[in-house]
Amino acid sequence: MNAAVRRRLLRAAPAAVLLLAVTACSGGAQEATPAAPSAASASRGQQDTTAPIPPSPSGSTAMDIRVTLDGRPVEATLNSSPAARDFAALLPLTLSLEDFHGIERVADLPRKLDTDGAPVPVAAQVGDIAYYAPWGNLALFYQDGPAPSADLLVLGHLDVSADQLGRATRITLEAAS
């Protein structure tokens, strides 16, 4: 083999290795698809703004919980992230809520949550139940939140109007039976 052919092969080798690596990593992978809007939100003509809930490594999916805001029941779901499972271990909880910057209602949790294995950050949306790791508090968004941040983990979603959530002063969260 002459020197010119050898140089061309050496230049092409890294690209071939990269192509093989990408192909091997993506082969058989399934992409998550967004969940269909709930019947309740579809009947009210609202768009479902929750992020898709990927299955956890153990294969489990979203967890239903019982929630009351100011004594009124609301539909709620936690995702399957490790932080959401750690949060579920704290239930039942009754927390007083305070407004924070006209965007969210916040409450202190009894302890910090385990954030190991946190999913890719997403921007919080109206109705999201989130955990702000630096302060160890729960955040319930009644306005769309800031840009995605590794410090803010979305734990789940409340099916409630922004107005009702924005006025809430007390929340009770319990494991669904």
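Helices (H or I, at least four residues) and strands (E, at least two) are DSSP runs, numbered from the N terminus. With that in hand, select helix H4, residues 162-167, and find Gln-164 in it. This is a predicted model, where local features need pLDDT of at least 70, side-chain atom pairs count only at pLDDT 80 or more, and totals for chains, interfaces and linings use all residues. Residues are numbered from 1 along each chain as its sequence is written, and side-chain values use heavy atoms, leaving out hydrogens and water.

**Stop 1: Gln-164**

Is Gln-164 buried or exposed? Gln-164 is buried because its relative accessible area is 19% (buried is under 20%, exposed over 50%, partly exposed in between, with a 1.4 Å probe and protein chains only). Now show its contacts (heavy atoms within 4.5 Å): beyond neighbours within four places in sequence, Gln-164 touches Leu-69, Arg-72 and Val-74.

**Stop 2**

Next, colour S1 (63-69) and S2 (72-78). These two run antiparallel and are joined by seven bridges; strands pair if DSSP finds at least two bridges between them. Click Thr-68 and you will find Pro-73 of S2 as its bridge partner. Two residues separate the strands of this hairpin, and Asp-70 there has a positive phi near 50°. S2 also pairs with S8, again in the antiparallel sense, over four bridges. Thr-77 stands opposite His-157 in S8.

**Stop 3: the nonpolar cores**

A nonpolar core is a set of buried Ala, Val, Leu, Ile, Met, Phe, Trp, Tyr and Cys residues joined through side-chain atoms within 4.5 Å. Which members of the largest core touch the most others? Select Phe-87, Leu-138, Leu-155, Leu-158 and Leu-173, out of 31 residues. Centre on Phe-87: leaving aside neighbours within four places in sequence, its contacts are Leu-78, Leu-93, Leu-109, Leu-113, Leu-138, Leu-155 and Leu-173. Another core, of six residues, lies apart from the largest one and includes Ala-124, Ala-130, Ala-139 and Leu-152.

**Stop 4: the second largest pocket**

Finish with Phe-100, Glu-104, Tyr-132, Pro-146 and Leu-152, which lie nearest the centre of the second largest pocket among its 15 lining residues. On a 1 Å grid over the protein atoms alone, where a 1.4 Å probe fits, a pocket is an open set of points with protein on both sides within 12 Å along at least five of seven lines, and lining residues have an atom within 4 Å of a point. Strand S7 (137-141) is one of the strands supplying at least two lining residues, and S7 gives the most, with three.
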